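Trainee: Could you walk me through this one while I have it open on the screen? I'd like to start with the packing.

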Amino acid sequence: MGLVVFLARPVPVIEVRADDGSVLARWPLVGDQALVLTFTHSMYGGDVREVYRVDAQRGLTLVEVTARQAALDYYALPVAAGTGEYRTAAVERPLGAIHVRADRIGQHRLAYGDRQLSLVEAAGDGVAVWVGVAQLPGVTQ
């Protein structure tokens, strides 16, 4: 009879949690897939699209924001590209995790590959949501 050894190795996932700690979504990390948060800007209207690089150890880094020029000015972001109504700002802002207040005005949505999540539908109107990388216990043989 052979000896079987099991080793616990953490499995990194994108985790979305409501402020009460309930888990709204867990998505396994996939290569260099970006996480995208899209919402309607409450002052300037139009969608704001924030793109995050995801890293198992460092969490989320904001790398790109696309919005109307007025919204980018409001956030004091330098415009890197774009013509017409929408512009894109390239940034490199390590955040680790983000906190979002889900509401019906902003209609905040997350996308990761083919996975989509409406934060207001998942958490409720006015609920604070945490989005980041969590390490789940895993087992390998």
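Trainee: Which residues is Leu 110 in contact with, leaving aside its neighbours within four places in sequence?

Mentor: Leu 110 is in contact (heavy atoms within 4.5 Å) with Val 16, Trp 27, Leu 35, Val 36, Leu 37, Arg 115, Gln 116, Leu 117, Leu 119 and Val 131. Keep in mind that this is a predicted model, where local features need pLDDT of at least 70, side-chain atom pairs count only at pLDDT 80 or more, and totals for chains, interfaces and linings use all residues. Residues are numbered from 1 along each chain as its sequence is written, and side-chain values use heavy atoms, with hydrogens and water left out.

Trainee: How confident is the predictor, then?

Mentor: The protein chain has a mean pLDDT (the predictor's confidence in each residue, from 0 to 100) of 89, with 92% of its residues reaching 70 or more.

Trainee: Switching topic, where is Phe 39?

Mentor: Phe 39 sits in strand β4, residues 35–40, strands being DSSP runs of E with at least two residues, numbered from the N terminus.

Trainee: Why does Phe 39 count as buried?

Mentor: Because its relative accessibility is 10%, and buried means under 20% relative accessible area, with a 1.4 Å probe and protein chains only.

Terms used:
Helices (H or I, at least four residues) and strands (E, at least two) are DSSP runs, numbered from the N terminus. Buried means under 20% relative accessible area, exposed over 50%, partly exposed in between (1.4 Å probe, protein chains only).
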